[in-house]
Amino acid sequence: MRRDIDGARQDIGRSQQVSSRGDAFDYIVIGAGSAGAIVAARLSERQGVRVCVLEAGPPDRHPYLHVPGGFIKVLANPTLTWQFATEPTERTADRPITFAQGRTLGGSSAVNGLIYNRGQPMDYDVWAQRGNPGWSYQDVLPFFKRSEGRIGAGDDEIRGRDGPLKVTDIDWHHPLCAAFVEGVEALGIPRNPDHNDGQQAGVGYYQRTIFRTRRVSTARSFLHPATRGGRIDVRTRAQVIGIRLEKGRAVGVDYIHENMPGRVHRLHATSEVILCAGAINSPKLLQISGIGPSDVLEEAGIAVRHELQGVGRNLQDHYAVRMVARVKNIDTINDRVKFPRLAWEGLNWLLGRPSVLGLSPSLAHVFWMSAEGLEQPDLQFTFTPASYSKGRPGLLDSFPGMTCGVWQHRPESVGWTRVRSVDPFEAPVIQPNYLDAEADRRALLGGIRLARDFLGTAALSPWFDGETAPGAAAVTDRDLLDWAYREGSTAYHLVGSCRMGPAADPDAVVDSDLRVHGLDGLRVVDASVMPTVTSGNTNAPTMMIAEKASAMILEGSH
């Protein structure tokens, strides 16, 4: 494959081929994921605008992409997901942490855990305070509302009702969830009926992107309606191999189609190239295009076209641990997905009734503080009446189980990602530096002890049958940290590797309009631009970024 890419690039260089009129667009969007699908759809709303979307993965036709419970199968499918792995460290017990990112129309919104969580207002106020005007909570709130079609209770001053993305409440209930919420309330943590109303603290039930038992991805809610109207040229299985620069401006892209690996296709952008490939692939594509730190590029054998030190730096993620307990005297999801009961669940799902196949993987939540004196939650907990082998999504335990997961909202640990070579098919080096900061380890310890308290309440006691992970023998801080190192994993919330910030910030990659510093005609619009990781799941903030970016692009094009 590397030989095919190099040969095709040389052919283009020799022949100086000029694209036909059909290969020129106003905007070229790289990546049709959580952000890219929205950007393409919104830009296409303007009369006469020509938009092309390039997606490396296939169309989103696989049935598991639309069944919420299908995420278990999809996450390990390399056709539909990018299969990445971090570099091992002492604090991951010398393990690489494997994780998936969406690789199909809808991207990670087509394969994720379906939770809709905006985070805390302070997240965005901090972004603005770090030199990014227009990104405070009050600034971004209209763009959260613009996407959202909230079905259920909520303050209409804060929640959106008319957006394409349906956000609903859980319609399947289990006694263990009710007991979990009751038990946490008994510990003095208040009930919170809407964790997206700007007041996050408390216990309650997650809101999710599921409507009429089907997953609601950005492809389903934004891209497909726009494509049906003939407003967008969507090209799947199209791997971008470089962004073309001329005189300090992005003028187009080169890509290879999966079925023709030896031929490079060239597209021209008359207005902008918009990179929406995610926190790993966006910095990778910048770097293989010669945009990034000179030492990284030179080591990979890439000619430096535009020196930009921050590309690939500032990588952050949430490091999660999942505590598991055996359950007695009641069945759990573990039991309901075994035949013949799975057939009944499948029938209910097909008929639009509540079913375990129509669930997000996490049902109840707690947002709370790891220590006294904190004003806002720095921990997020998830609860579900199911359990996975070794606490990781994929294979359910053979016994009835329940899980309480926890991660720290705002880790101080920061890492990086960088390419190994110019080959766009080679995975980059990824190092989030999980738990590198002592404050992160301290907060996670507080979360583990709280999660143990949550599973040990009187309300859950009729069904609690002993802790299996980390197990009753893990008592000391050292015991619990060792377990977290051995069994912890990603929350799939990688951000920050093309950080937004002012030009004076040496690690900033884009400005507050998401334009790449020092270049014209090139923006990055995805989770990689977040200056800091948000206090919760990152899909909703990524969609907000796409909405705001689309408005800025269209406003600037007048």
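**Loops, a sheet and a helix**

Modeller: N433 lies in the loop between β23 and α12 (438–455). Helices (H or I, at least four residues) and strands (E, at least two) are DSSP runs, numbered from the N terminus. This is a predicted model, where local features need pLDDT of at least 70 and side-chain atom pairs count only at pLDDT 80 or more, while totals for chains, interfaces and linings use all residues. Residues are numbered from 1 along each chain as its sequence is written, and side-chain values use heavy atoms, leaving out hydrogens and water.

Biologist: What is the phi of N433?

Modeller: Phi of N433 is positive, about 60°, yet N433 is not a glycine. N314 also has a positive phi, near 65°, and is not a glycine. N314 sits in strand β17.

Biologist: Why does N314 count as buried?

Modeller: Buried means under 20% relative accessible area, exposed over 50%, partly exposed in between (1.4 Å probe, protein chains only). N314 has 10% relative accessibility, so N314 counts as buried.

Biologist: What is the strand order in the open sheet of three strands?

Modeller: The order is β17-β22-β23, with antiparallel pairing.

Biologist: What makes β17 and β23 edge strands?

Modeller: β17 (313–315) and β23 (429–431) have a single partner strand each, so one side of each has no neighbour in the sheet. Neighbouring strands here are turned by 35° on average, direction ignored.

Biologist: Which strands does helix α8 touch?

Modeller: Helix α8 (residues 278–288) touches β17, β22 and β23. Contact means heavy atoms within 4.5 Å. The direction of α8 makes about 50° with that of β22. Axes are lines fitted to C-alpha atoms, for helices over the stretch in contact, and angles run from 0 to 180 degrees between N-to-C directions.

Biologist: Which residues of α11 are buried?

Modeller: They are E345, G346, N348 and W349.

Biologist: How do you know that they line one face of the helix?

Modeller: The arc is that of the directions from the helix axis to the C-beta atoms. The buried residues of α11 fall within an arc of 160°, so they line one face. W344 and L350 are exposed on the other side. The cover over the buried residues includes β10 (214–215) and α10.

Definitions and conventions
Pairing = 2+ DSSP bridges.
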